[in-house]
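Please look over the model shown here. A short briefing on its folds and contacts follows.

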Amino acid sequence: MSFQIVVCGGIAPDPLQTLEPVAGPALKNEMMLPAVLDPWGSHALYEAAHLAKQFPGSRVVLVSMSPRSKLQQVLMTVAQKVAFELVAVDGPSNGFTDSAAVAEVLAAAIEEIAGLDKSKLIVSGGWESATRGSGTTMQMVGERLGITEQFQGVDELRVVDGGGFEIVERLEGGKRQVSRCSGAPMVLGWATGNLPEPANQPQVGMANMRVIMPALQKARPAGAVAVPEYRSVTLPGVQRDTRIVRDLSPAEIAKEIVEWINS
Amino acid sequence: MEVDIVCVGFGPAAGGFLTTLNSFLTSTPEPSKLQVLCYERADDIGFGVSGVVTKARSIRQSFPDATVADIPMAAAVGEEKLVYLLDPHGASRRSVSVKALDEVVKLVASDSLKGVELPYVPDFLHKENGWILSIGQFNQWVGQQVMMGGAVQIWPASPVLGPLIEDGRVVGVRLADVDVRARLTVVADGPVGPVGRALDEHFGMPEGHVRDEWAVGMKAVVELPEGVDLEPGTVFHTIGYPEPEIFGFFYVHPDRLASVGIFVPSWFDNPVRSTYRYLQHFMQHPYLWRYLKGGVLRSWGAKSILESGKRGEPFLSGDGWARIGESSGSTNVLTGSGVDEAWETGTQLAQAVMELLLDGAAFSAENLERTYIRRRRVSWLESEAQVAQHSRAGFQSGFVSGLLGMAMAGFSDGKVNWPLHPHEKAVSERVRGAEEYFHGVIPPGEIAQIREECRAAGRSMHDALMERAGWPTIPFDGQLLMSQQDALLLGGKVTAGAGLVDHVVFVEPKVCEVCRAQVCIEICSGEAIHASSSGSGTPEFDREKCVHCGACLWNCTAPGGGNVAFRAGSGGLHSAEN
């Protein structure tokens with residue numbers, strides 16, 4: 001048995017950056033900010049590669065709508081981690097676009113993947129993303145592809161002896177829902193997953209580049225992607241009070257944090 | 001893994017090399033089958049540090065159609081001023097000759113601004129028709145241009161541990177988990193890069209060449225407050241403050257951004273020479289504060305600069321390898337220019353490589369000598385480096401002597417130098433304890449007490465000693481003036497990957513235990529090196545705070561230096577606006 005695993009993942013500002021929304025809406029100096037593959041999408045990609053290894057003959061395709069030059073830069077790091085093919089769509093990746101419009105673009109890009117066998121298709125991606133908290137995009141991608149088996153907030157995917165999968169989804173209140181699914185096609189909206197970020201492997205990077213560079217050069221423009229009208233955009237307030245403290249036990253640190261919250 | 005060409009480090013030198021080579025490979029069908037890889041230590045190709053004002057002669061030759069509008073944060077040099085700054089606090093250490101110079105300056109300096117704009121900028125310093133760049137943004141832009149060609153791959157987050165040397169021939173490099181063998185290894189990993197240093201150790205230095213002059217360059221990118229109407233392209237070079245030995249700069253980018261920074265040189269004798277603390281005093285000087293007050297820190301970073309120039313030029317090539325950029329001694333210490341020079345070394349090597357590829361010749365020592373070294377020796381780079389070679393030797397004996405030496409070398413095209421018989425001293429030869437530096441200012445007993453208190457608390461000594469010597473407390477505003485740790489987080493966005501070993505190691509702990517100065521702690525740009533919490537006397541290292549400036553490497557005052565091992569490591573700065 002083999003699968004065709006399509007992972008949807010855009011880019012997001014490097015998590016350490018200071019973000020400043022401006023009218024538009026957009027992020028100030030967005031194209032100058034260092035970027036990473038969206039952390040939620042990254043988890044989906046690592047899980048996909050892990051699954052593909054267990055089923056020889058499987059393929060992993062990353063579908064990404066992002067500004068092409070930034071995506072290329074990001075992929076020079078990501079491509080060292082796991083093997084995948086790429087379908088690039090040159091478009092915005094800033095979180096201000098409409099989920100349905102993004103889903104439309106991604107679904108169309110997936111439909112166009114050469115040699116796609118929908119009976120083996122697992123569409124995977126971040127349940128949410130670092131730039132968007134709607135949790136709806138993956139669902140709508142699945143709907144547009146006609147996939148009815150959908151799992152959102154996935155923490156774990158287990159292969160069941162004798163075929164099929166057991167899927168652990170995250171629910172409110174720290175609970176988990178465990179479902180069984182006989183197999184593809186299905187949609188997996190990943191939460192954090194269970195796998196650590198793989199170490200860089202230069203050989204994997206070299207092999208990936210043979211397909212990634214041509215795919216980047218063939219990136220098709222997304223065209224006009226709908227953007228809702230925003231009345232205002234603000235970031236959560238940040239309060240900083242840095243101190244250097246040594247030799248404090250975790251219990252003491254926890255106590256101080258609790259006191260701070262209570263105050 | 002086997003490739004044709006492996007390049008170590010992605011900065012301006014590698015940018016010049018890969019840009020030139022890429023144009024060739026993408027326009028010439030046959031050699032385009034070559035595999036050319038570049039490995040960069042930092043987590044992204046845009047995490048370099050430097051506010052740059054450059055004539056950009058070589059860079060513009062590589063991009064004949066480019067304008068500053070194409071490169072983020074770039075501006076054409078406009079008004080350029082050389083400013084002498086007086087010390088408004090009377091806290092800096094000024095020699096008799098500097099005090100005399102101050103008195104002259106006071107006759108014409110503005111009372112409120114405590115500085116004077118010198119009537120002209122010497123031609124050798126001038127960057128007329130040049131560009132102001134953010135090196136982070138420039139590297140990112142260059143990397144995108146290069147990789148779009150498809151013939152060259154630049155891999156970030158890939159520290160190279162060292163060269164592979166077999167029978168006197170460099171056959172590639174070693175990464176964490178894999179050896180990469182190559183027909184040609186291009187070493188562009190900067191002055192503190194492990195590959196270049198390993199080559200120096202293996203092959204030695206040419207006779208009479210030595211790397212004994214360094215500086216820490218530290219800068220902040222500041223969003224200037226509304227109402228500040230400095231034109232993009234404005235350049236201030238400053239001298240005189242915060243200490244006579246510390247030079248400064250202020251470059252204005254588009255969109256009300258400015259790069260503001262200082263250089264703390266190896267010939268500055270203060271053992272508690274905190275670049276960060278001095279930078280904060282520099283920014284608050286009245287001449288600059290009128291523009292910076294109310295500004296917001298956007299980015300911050302630091303790097304070591306090799307200021308030995310031509311005197312520190314190592315062997316440039318051999319069988320299977322060639323060196324380019326700052327670590328090849330290309331920085332011009334008279335004109336204060338290094339980026340365009342580094343770029344030029346890269347283009348020269350690329351032209352040599354193209355010549356050898358077309359001839360079907362090997363990357364042997366003889367062939368690289370005939371093509372790369374020959375090009376370099378007959379270029380403007382070499383003739384200007386010759387002029388600059390001894391231009392800064394005067395600073396070994398003091399600020400005024402140094403200015404005199406620069407002027408003599410600059411105005412005579414290097415024919416006349418001062419002093420006539422220079423004797424350059426490394427940090428380990430000249431920096432002594434705080435008792436010697438603060439002699440007559442702070443009693444030795446008090447210094448000993450401060451040292452004891454600071455070490456017990458795991459703190460560096462510079463804040464306590466500088467404030468005792470008369471420097472005012474920094475009025476943190478949380479926007480521009482902030483603790484060094486906040487600058488790491490808000491400015492540099494410094495981080496380190498999990499699960500890696502420390503790349504800074506104290507080789508012989510016993511040597512550190514008896515070291516009184518511990519300059520490595522004071523100079524550390526990220527406060528990553530700190531006094532031992534166990535009281536052992538050997539400093540400790542926090543990898544998560546390291547900005548990889550490498551200052552600890554050349555600031556060790558142990559006899560002969562060298563008790564700090566500075567190895568390949570990942571992480572560091574995560575700001576691309578540097």
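In which helix of chain B is the place of B:Phe411? B:Phe411 sits in helix α11 (residues 399-411) of chain B. The model is predicted: local features need pLDDT of at least 70, side-chain atom pairs count only at pLDDT 80 or more, and totals for chains, interfaces and linings use all residues. Residues are numbered from 1 along each chain as its sequence is written, while chains are lettered from A and ligands numbered from 1 in the order in which they are written.

**Around B:Phe411**

- B:Phe411 counts as partly exposed because it has 13 C-beta neighbours inside 10 Å.
- A residue is buried if 20 or more other C-beta atoms lie within 10 Å of its own, exposed if 12 or fewer, and partly exposed in between, with C-beta atoms placed from the backbone.
- B:Phe411 and B:Val387 are 24 residues apart in sequence, and their C-alpha atoms are 9.9 Å apart.

**Chain A overall**

- Chain A has 6 helices and 13 strands. Helices (H or I, at least four residues) and strands (E, at least two) are DSSP runs, numbered from the N terminus.
- The radius of gyration of chain A is 20 Å, close to the 18 Å that the globule rule gives for 263 residues, so chain A is as compact as a globular protein of that length. The radius is taken over C-alpha atoms, and the rule is 2.2 Å times the number of residues to the power 0.38.
- Along the principal axes, the C-alpha atoms of chain A fill a box of roughly 60 × 45 × 40 Å.
- Of the 263 residues in chain A, 42% are buried.
- Among contacts in chain A with a separation of 6 or more, 77% join residues 24 or more positions apart. Contact means that two C-beta atoms, placed from the backbone, lie within 7 Å.

**Helix α4 of chain A**

- In α4(A) (residues 137-144), the buried residues are A:Thr137, A:Met138, A:Val141 and A:Gly142.
- These residues cover an arc of only 140° around the axis, which puts them on the same side of α4(A). The arc is that of the directions from the helix axis to the C-beta atoms.
- Their cover includes β1 (4-8), α3 (99-111), β8 (121-126), β9 (150-159) and β12 (186-190) of chain A.
- Just after α4(A) comes A:Gly146, with a positive phi of about 75°.

**Helices of chain B**

- Helix α5 (residues 194-203) of chain B has buried residues including B:Pro194, B:Val195 and B:Leu199.
- Elements covering the buried residues of α5(B) include β1 (2-8), β9 (160-166) and β18 (321-323) of chain B.
- B:Gly204 follows α5(B) and has a positive phi, near 75°.
- Helices α1 (residues 12-27) and α8 (residues 339-359) of chain B pack at about 35°, with axes 6 Å apart. Axes are lines fitted to C-alpha atoms, for helices over the stretch in contact, and angles run from 0 to 180 degrees between N-to-C directions.
- The residues making this contact include B:Phe17 and B:Phe24 of α1(B), and B:Trp343 and B:Met354 of α8(B).

**Sheets of chain B**

- Seen in order, β6-β5-β13-β14-β15-β12-β16 of chain B form an open sheet of 7 strands with mixed pairing. Two strands pair if DSSP finds at least two bridges between them.
- At the edges stand β6 (115-117) and β16 (296-306) of chain B, each with a single partner strand, so one side of each is left without a neighbour in the sheet.
- From one strand to the next, the twist averages 20°.
- Strands β5 (residues 80-85) and β13 (residues 235-239) of chain B run parallel and share 5 bridges. B:Lys81 is opposite B:Phe236 in β13(B).
- Helix α16 (residues 484-492) of chain B lies across β12 (214-223) and β16 of chain B, at about 100° to β16(B).
- In β7 (residues 131-134) of chain B, B:Trp131 and B:Leu133 point one way, B:Ile132 and B:Ser134 the other way, and all are buried.
- β7(B) pairs antiparallel with β3 (residues 51-54) of chain B over 4 bridges. B:Val52 stands opposite B:Leu133.
- β7(B) also pairs antiparallel with β4 (residues 75-76) of chain B, over 2 bridges. B:Ala75 has B:Ile132 as its bridge partner.

**Where the chains meet**

- The contact takes 31 residues from chain B and 27 residues from chain A.
- On the chain B side, α4 (135-148), β8 (152-155) and α16 each supply at least two residues.
- The largest share of that side, 4 residues, comes from α4(B).
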